[in-house]
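Thanks for sending this one over.

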Amino acid sequence: MLGLKLLTDPRWANIAESNLEEILTDHAWCEQKAASNAISLITQNSEHEDLVHELTAIAIEEMEHFKMVIDIIQERGYTLGRERKDDYVGQLMKFAKKDGSRNMAFIDRLLFAAMIEARSCERFRVLSKNINDQELAKFYHDLMVSEANHYTTFLNFAKKYSTDVDVDKRWKQWLEFEGELIQSYGKKEHIHG
């Protein structure tokens with residue numbers, strides 16, 4: 001359904017589970033950044049009432065996820081570490097078109113968000129199916145469903161609001177780029193690492 005070109009090796013879950021404090025800290029900050037991204041899209045595209053409504057709900061949900069992860073960190077006696085730089089997201093951002101029309105930049109920003117949600121959904125699935133910690137396995141299964149909904153929302157808005165972009169063609173370019181990019185990741189206890 002997600003169309004990802006390269007799936008995560010299930011052994012990545014072992015890396016993640018070997019340092020739960022690190023993966024949970026990284027995950028918490030991913031949720032905060034997802035909320036910030038939704039807010040930024042709202043701010044820059046407030047003329048689209050349905051987008052404002054839907055992305056407000058996503059921003060709130062992402063912050064609820066942030067709190068849920070923080071609660072797990074505290075319950076387990078861990079400490080929320082400092083925000084992590086996400087190289088994967090940085091590389092995706094470089095791929096986004098910024099030099100075309102306003103609409104082109106808007107559509108690429110939506111596709112950028114859809115791409116991150118798709119990979120996060122896939123990684124949460126890997127965690128839910130491959131970690132021994134049953135509480136976290138269920139938690140990641142529930143979040144996987146949420147991320148899939150976010151992915152669909154961003155992709156649908158890109159299709160709805162495109163005026164000068166062939167969204168299907170551009171999405172295929174995103175998938176190809178990400179398929180190459182992700183080959184360098186999956187070796188750290190980070191959601192996209």
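1. How many cavities of 30 Å³ or more does the structure hold? It holds one, where a cavity is a set of points on a 1 Å grid over the protein atoms alone at which a 1.4 Å probe fits but cannot get out. The largest cavity has a volume of about 30 Å³, taken as the space filled by probe spheres set on the points, with points joined across faces, edges and corners.

2. Before going on, please keep in mind that this is a predicted model: local features need pLDDT of at least 70 and side-chain atom pairs pLDDT 80 or more, while totals for chains, interfaces and linings use all residues. Residues are numbered from 1 along each chain as its sequence is written, and side-chain values use heavy atoms, without hydrogens and water.

3. The largest cavity is lined (an atom within 4 Å of a point) by Ala16, Glu17, Leu20, Ile23, Leu127, Ile131, Leu136 and Tyr140. Helices H1 (12–17), H2 (20–44) and H6 (134–161) each give two or more residues to this lining; helices here are DSSP runs of H or I, at least four residues, numbered from the N terminus.

4. Now to a helix pair: H5 (residues 102–130) and H7 (residues 167–181) pack at about 45°, with axes 11 Å apart.

Note on methods:
Axes are lines fitted to C-alpha atoms, for helices over the stretch in contact, and angles run from 0 to 180 degrees between N-to-C directions. On a 1 Å grid over the protein atoms alone, a cavity is a set of points where a 1.4 Å probe fits but cannot get out, and a pocket is an open set with protein on both sides within 12 Å along at least five of seven lines; lining residues have an atom within 4 Å of a point.
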